[in-house]
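User: Hi! I have a protein model open and would like to learn how to read it. Could you take me through it one feature at a time?
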Amino acid sequence: NRKFVLAERPQGEPNDNTLRLETAPVPTPRKGQMLLRNEFLSLDPYMRGRMSDAPSYAAPVEIGDVMVGGTVAQVVSSDVPGFEADDWVVAFGGWQDYALSDGTGVINMGKSPENPSWALGVLGMPGLTAWAGLTQIGQPKEGETLVVAGASGPVGATVGQIGKILGLRVVGIAGGSEKCAHVVDTLGFDACIDYKANGFPEALKNAVPDGIDIYYENVGGAVFDAVMPLLNTSARIPVCGLISQYNAISLPDGPDRLNLLLGTILKKRMTVRGFIVFDDFGHLYPEFAKQVGGWVADGRIRYREEVISGLEQAPAAFVGLLRGEAFGKRVVKLSD
Ligand code: NDP
């Protein structure tokens, strides 16, 4: 059983010393457990937070422990009711070839699911995040303008496409012309603005002639600076993620805009609400699966996935994800 354990807590970007590859015998399941062979490992921005021991909503991975991660796996053997050999499941198997589970939080997808890895993306945690953040906090109304950052990623791409289905004008923000072209041409957003290009704030302003009613926040940083003056009275801001800050080791240098932000929230009577998907919206999973599953099945929601081959590639692929090198949902295929 190959596994990546956390070797040391990174300062800034994770490096070659952050994770260590270890080999151990395949674990033997005890009574009430099942053995899972991980087929796909999801790479997600939240993993950077688990490498750190700064206070957060979830406990950090301890030094020497297997790095956590969502997986799509096949059951090798099972003593858990409702699971049998060869079932495909979605689990939290971590960065390793094999994992033990007592079935808690594990979803059974049956013997031959179509596109099993999609359960780590549009049909799983990132999809639920997108759908719940937009519908529950964004409170969309037909004809409103939605802006979503990280627009080509698994969360942002899903947010924007759901926004279109719900009758919104949807403007994405993404890094680079290739991602922006995909967001408009393939995903069907009304516009996508490249935040790395010169004149980004002006281009964003021109793309939202009626202002912004919902801003779905995935990135923070300079992107939020450009968004803030364009927000309408009663705007809603689901605060989902701040990926531009995940490798930061201190707050950015001034000027301090905290009072500008609070003044904007006050004067425009905005709703700004952070959320943690499973804690806040896990109970909506069945409704999400039905609705978004239907839209994916009938082609109204498109999904782009990047499959990286081999567990040993996972650390570099994860660093690349934080750098913006992923184009679509990154998953690691563990074996051939
Ligand atoms: P993404 O694939 O969108 O994240 C990677 C992308 O983030 C990169 O490709 C890059 O896109 C963008 N990015 C990286 N650095 C920056 C930067 N400095 N400024 C702007 N954009 C940057 O991941 P997900 O779709 O999985 O997640 C999106 C967000 O949602 C993340 O912040 C994540 O933490 C959060 N999240 C929160 C959850 C919750 O429960 N609250 C649950 C799941 C996700 P580009 O090339 O366009 O810059």
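This is a predicted model: local features need pLDDT of at least 70, side-chain atom pairs count only at pLDDT 80 or more; totals for chains, interfaces and linings use all residues.

User: How many residues surround the ligand, and which are the closest?

Analyst: The ligand is surrounded by 28 residues, and the closest are Gly153, Val155, Gly175, Gly241 and Ser244. Sorted by class, the shell has 15 nonpolar, 11 polar and two charged residues.

User: Which domains does the shell around the ligand draw on?

Analyst: For this, first look at how the chain is divided. The protein has domain 1 (2-121 + 304-333) and domain 2 (125-278). The ligand shell draws at least three residues from each of them.

User: How many residues does each domain bring to the contact?

Analyst: Start with the distance: the centres of domain 1 and domain 2, taken over C-alpha atoms, are 28 Å apart. Domain 1 brings 15 residues to the contact and domain 2 brings 14 residues. On the side of domain 1 that touches domain 2, four residues are nonpolar, seven are polar and four are charged.

User: Where does the largest nonpolar core lie?

Analyst: Look at which residues make up the core, then at where they come from. The largest nonpolar core has 86 residues, and those with the most contacts inside it are Leu36, Met67, Val147, Ala151, Tyr215 and Val332. H2 gives the most to this core, with six residues. Because domain 1 and domain 2 both give residues to the core, it lies between them.

User: Which residues is tyrosine 215 in contact with?

Analyst: Leaving aside neighbours within four places in sequence, tyrosine 215 is in contact with Val147, Val227, Leu231, Ala235 and Ile237.

User: Is glutamate 217 buried or exposed?

Analyst: Here you count C-beta atoms, and 20 or more others within 10 Å makes a residue buried. Glutamate 217 has 21 others within 10 Å, so it is buried. You will find glutamate 217 in the loop between strand S11 (212-216) and H6. Not counting residues up to four places away in sequence, glutamate 217 touches Ala149, Phe224, Ile237, Pro238, Val239 and Cys240. Glutamate 217 and glycine 156 are 61 residues apart along the chain, and their C-alpha atoms are separated by 8.9 Å.

User: What is phi of aspartate 86, and what is phi of asparagine 115?

Analyst: The general idea is that most residues other than glycine have a negative phi. Aspartate 86 has a positive phi, near 80°. Aspartate 86 sits in the loop between strand S4 (71-78) and strand S5 (88-91), and it is exposed, with 11 other C-beta atoms within 10 Å. Asparagine 115 also has a positive phi, near 45°. Asparagine 115 belongs to the loop between strand S7 (107-110) and H2, and it is partly exposed, with 13 other C-beta atoms within 10 Å.

User: Which residues does a cis peptide bond join?

Analyst: In general, most peptide bonds are trans. In this model, a cis peptide bond joins glycine 254 and proline 255, with omega about 5°. Proline 255 is in the loop between strand S12 (231-239) and helix H7 (258-267).

User: What radius of gyration would a compact globule with 336 residues have?

Analyst: A compact globule with 336 residues would have a radius of gyration near 20 Å, and the protein agrees, with 20 Å. Buried residues make up 42% of the 336 residues.

Definitions and conventions. Residues are numbered from 1 along each chain as its sequence is written. A residue is near a molecule or strand if its C-beta atom, placed from the backbone, lies within 6 Å of it. Ala, Val, Leu, Ile, Met, Phe, Trp, Tyr, Cys and Pro count as nonpolar, Asp, Glu, Lys and Arg as charged, and the others, Gly among them, as polar. Domain bounds come from an automatic or database domain assignment. Two residues are in contact if their C-beta atoms, placed from the backbone, lie within 7 Å. A nonpolar core is a set of buried Ala, Val, Leu, Ile, Met, Phe, Trp, Tyr and Cys residues joined through C-beta atoms within 7 Å. A residue is buried if 20 or more other C-beta atoms lie within 10 Å of its own, exposed if 12 or fewer, and partly exposed in between; C-beta atoms are placed from the backbone. Helices (H or I, at least four residues) and strands (E, at least two) are DSSP runs, numbered from the N terminus. The radius of gyration is taken over C-alpha atoms; the globule rule is 2.2 Å times the number of residues to the power 0.38.
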